[in-house]
Amino acid sequence: MEKLELVRKWSLNTYKCTRQIISEKLGRGSRTVDLELEAQIDILRDNKKKYENILKLAQTLSTQLFQMVHTQRQLGDAFADLSLKSLELHEEFGYNADTQKLLAKNGETLLGAINFFIASVNTLVNKTIEDTLMTVKQYESARIEYDAYRTDLEELNLGPRDANTLPKIEQSQHLFQAHKEKYDKMRNDVSIKLKFLEENKVKVLHNQLVLFHNAIAAYFAGNQKQLEQTLKQFHIKLKNPGVDTPSWLEEQ
């Protein structure tokens, strides 16, 4: 009997919410709107799309840089081999070998910074922001339920009041109040999450954008010391390639 009652309540609630949604889409039903909160939600969804695009482009850059570094390391090895076997061009091949190996080393360092940037932005977008959007979905569901039961109560109050309708009105008032409390709670939860998300987003992106800029600028300026210092500043550790052990880059 308990299961049947739960199924009955779920079916009734689903029916009311579906009717409310259809009514709103047809322009006949009224919906509760928190203009300030919904504007913040719209901005969040728009920003998420933009951050996802940055993430996608950064991943493409990482892949392309990985291929270039891998090629530079192979080219450096080829030059070094020829430096040993071509005595008449020993110095020339040697210079090129050293240059390519240095470029590959700096490229690996830059790749470490870019991948750290990608990991941090990915966490922000697909975990932190997504968690807030899950709360937004719960808030939107609570809003639909609230409006559905509000509409029911308004319709009953417009009808006759007699011995048959008063118990229905009283029950409807009770259900409406319960869903209003749920809606108010979810609205408050979303407001709090949006506030904390904004603070966290600014902090995370500030650090990651500084990292990205400094690493890129140092790499293309050929400033190896500054590039390595940038990674130390953000506590990014890279594995040093050994003679027999491949670097973390080669293991990708």
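Let me start at leucine 12, which sits in helix H1, residues 2-25. Helices here are DSSP runs of H or I with at least four residues, strands are E runs of at least two, and both are numbered from the N terminus. Leucine 12 is partly exposed, at 37% relative accessible area. For that scale, buried is under 20%, exposed is over 50%, and partly exposed lies in between, with a 1.4 Å probe and protein chains only. Leucine 175 is 163 residues away along the chain from leucine 12, and their C-alpha atoms are 12 Å apart.

Ground rules next. This is a predicted model, where local features need pLDDT of at least 70, side-chain atom pairs count only at pLDDT 80 or more, and totals for chains, interfaces and linings use all residues. Numbering runs from 1 along each chain as its sequence is written, and side-chain values use heavy atoms, leaving out hydrogens and water.

Now the overall fold. The protein chain has 5 helices and 0 strands. Read from the N terminus, the order is α-α-α-α-α. The radius of gyration is 30 Å, well over the 18 Å that the globule rule gives for 252 residues, so the chain is more spread out than a compact globule. That radius is taken over C-alpha atoms, and the rule is 2.2 Å times the number of residues to the power 0.38. Along the principal axes, the C-alpha atoms fill a box of roughly 110 × 35 × 30 Å.

Some chain totals. Of the 252 residues, 35% count as buried. The accessible surface is about 16400 Å², and carbon and sulfur atoms hold 57% of it. Those areas come from Shrake-Rupley with a 1.4 Å probe; for residues, only the protein chains shown count as cover. Take the contacts with a separation of 6 or more: residues 24 or more positions apart account for 81% of them. A contact means heavy atoms within 4.5 Å.

On to the core. How many residues does the largest nonpolar core have? It has 42. The ones with the most contacts inside it are Ile41, Leu65, Ile129, Tyr139 and Val190. Two or more residues come from each of helix H2 (35-85), helix H3 (90-158), helix H4 (165-220) and helix H5 (224-233). H3 gives the most, with 17 residues. By definition, such a core is a set of buried Ala, Val, Leu, Ile, Met, Phe, Trp, Tyr and Cys residues joined through side-chain atoms within 4.5 Å. In soluble globular proteins, nonpolar side chains tend to be buried together.

Zoom in on leucine 65. Setting aside residues up to four places away in sequence, leucine 65 touches Gly107, Leu110, Leu111, Ile114 and Tyr219.

Next, helix H5. Its buried residues are Leu227, Thr230 and Leu231. They span an arc of only 95° around the axis, which puts them on the same side of H5. The arc uses directions from the helix axis to the C-beta atoms. H3 and H4 are among what covers these buried residues. The face turned away from the buried side carries the exposed Lys225 and Lys232. After H5 comes histidine 235, with a positive phi near 55°.

Charges now. The count is 20 salt bridges. The rule wants a side-chain nitrogen of Lys or Arg within 4 Å of a carboxyl oxygen of Asp or Glu.

Which parts does the pair of glutamate 228 and lysine 105 tie together? The bridge is 4.0 Å, N to O. Glutamate 228 lies in helix H5 and lysine 105 in helix H3, so the pair ties together parts 123 residues apart in sequence. Glutamate 228 is partly exposed at 29%. Lysine 105 is partly exposed at 42%.

Aspartate 46 and lysine 50 also meet in a salt bridge, 3.1 Å, N to O. Both lie in helix H2, 4 residues apart, about one turn of the helix. An α-helix has 3.6 residues a turn, so residues three or four places apart point the same way. Aspartate 46 is partly exposed at 35%, and lysine 50 is partly exposed at 49%.

Then there is glutamate 38 with arginine 31, a salt bridge at 3.4 Å, N to O. Glutamate 38 is partly exposed, at 22%. Arginine 31 is partly exposed too, at 39%.

Last item, a network. Salt bridges link Asp34, Lys180, Asp184 and Arg187.
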